[in-house]
Amino acid sequence: MTQGLTFAQFWLALIAALVWGFVAWRRQRKDVFPYPTLTLFGSQRWDWRQAVAKAFRNIAALALLLTLARPQWVRWAEVRTEGIDIVIAMDISGSMLASDFSPNRMEAAKDVIRRFVELLRQKRGGDRLALVVFAAESYTQCPLTDDYEFLLEATAQVQNARDGVVHDVTAIGDGLTVALARLRPSPAKSKIIVLLSDGMNNAGRIQPRDAAQFARKWDVRVYTIGIGTTNGMVSWHDPITGRRQLGRAAGFDETLLQAIAQRTGGAYFPARDPDALKAILRHIWRMETTPLIVRRQQSVLELGGWLIALALACLLTESVLVHALWRRVP
């Protein structure tokens, strides 16, 4: 168990401190000599009561600045676990809206991810997962994490990139490259990519087979899951009638998915196979795991309330001293 002080809004407090310091500096500037004669200047004596009152005001101001920084006392528990790193690469192109899977290929892919995560949680629980999505462009939807609920929420938020327009673009090679980039800095001994796609590659700067070659060079296995059939059809919105039109073949390139898996030492599985995910897990169980230390946040104690109370106490004390106890009566 480790614990420590953190500031959730440090930069906000820093900006406020700079503004406060500038205002205080401007107020201290003297454009004219404040004393009409040197006799009065020499008669001024240091008053300890002014120093005490100023100290209370400064403490109150400092407490309010620290409150803006939102100080927190956080406790972490370090959990030792063993596992491997897995990046799920998901196709979100327009062809994934084909209705040969119910309700479409993309929702079927999401369901595969959900079931895959649940199986991992039940059987292992020590692996880290990430989610990369791709169509014409590729990006990381969720970085490597052991928080499976967070990954499932990120998966549920994935939207189709093209919504079934006629001219669909899919860059599988670029998607695999981004997934590889997420795995390269990982200290895990075993790293894999689970690719869910219909295999219809028609764009991108990197060809899928070249990306698979990079994966093999970096000792990353790619397991591909084919989402689709040869008779899948995709629909799109007609800009003239405003209606959804059906009639373009979505396509399904099973050969490409098999080639990617074979080149990296992985395996190909059709999504309709109910034992496909279990087969992938059997491959994962045979891999060498890496000991990892995971820091999990246990509790957060907000300290802002205590600092506000301190500031109010200082201001109240200063007011009582100046206006009551130290008040001079003529």
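Reader: Why is W218 called partly exposed?

Author: This is a predicted model, in which local features need pLDDT of at least 70, side-chain atom pairs count only at pLDDT 80 or more, and totals for chains, interfaces and linings use all residues. Residues are numbered from 1 along each chain as its sequence is written, and side-chain values use heavy atoms, with hydrogens and water left out. W218 has a relative accessible area of 31%, and buried means under 20%, exposed over 50%, and partly exposed in between (1.4 Å probe, protein chains only), so W218 is partly exposed.

Reader: What makes F214 and W218 a stacked aromatic pair?

Author: Rings of Phe, Tyr and Trp (its six-membered ring) pair if their centres lie within 6.5 Å, and planes under 30 degrees apart count as stacked, over 60 as edge-to-face and the rest as tilted. The rings of F214 and W218 are 5.9 Å apart centre to centre, with 20 degrees between the planes, so the pair is stacked.

Reader: Which charged end sits over the ring of W218?

Author: That of R184, 4.2 Å from the ring centre; the rule asks for NZ of Lys or CZ of Arg within 6 Å of the ring centre and within 35 degrees of the ring normal. R272 likewise lies over the face of F101, at 4.1 Å from the ring centre.

Reader: Why is helix 4 called roughly antiparallel to helix 5?

Author: The axes of helix 4 (residues 105–123) and helix 5 (residues 148–156) cross at roughly 175 degrees. Angles under 35 degrees count as roughly parallel, over 145 as roughly antiparallel, 65 to 115 as roughly perpendicular and the rest as oblique, so this crossing is roughly antiparallel.

Note on methods: Axes fitted to C-alpha atoms, helices over the stretch in contact; angles between N-to-C directions. Helix = DSSP H or I, 4+ residues; strand = E, 2+ residues; numbered from the N terminus.
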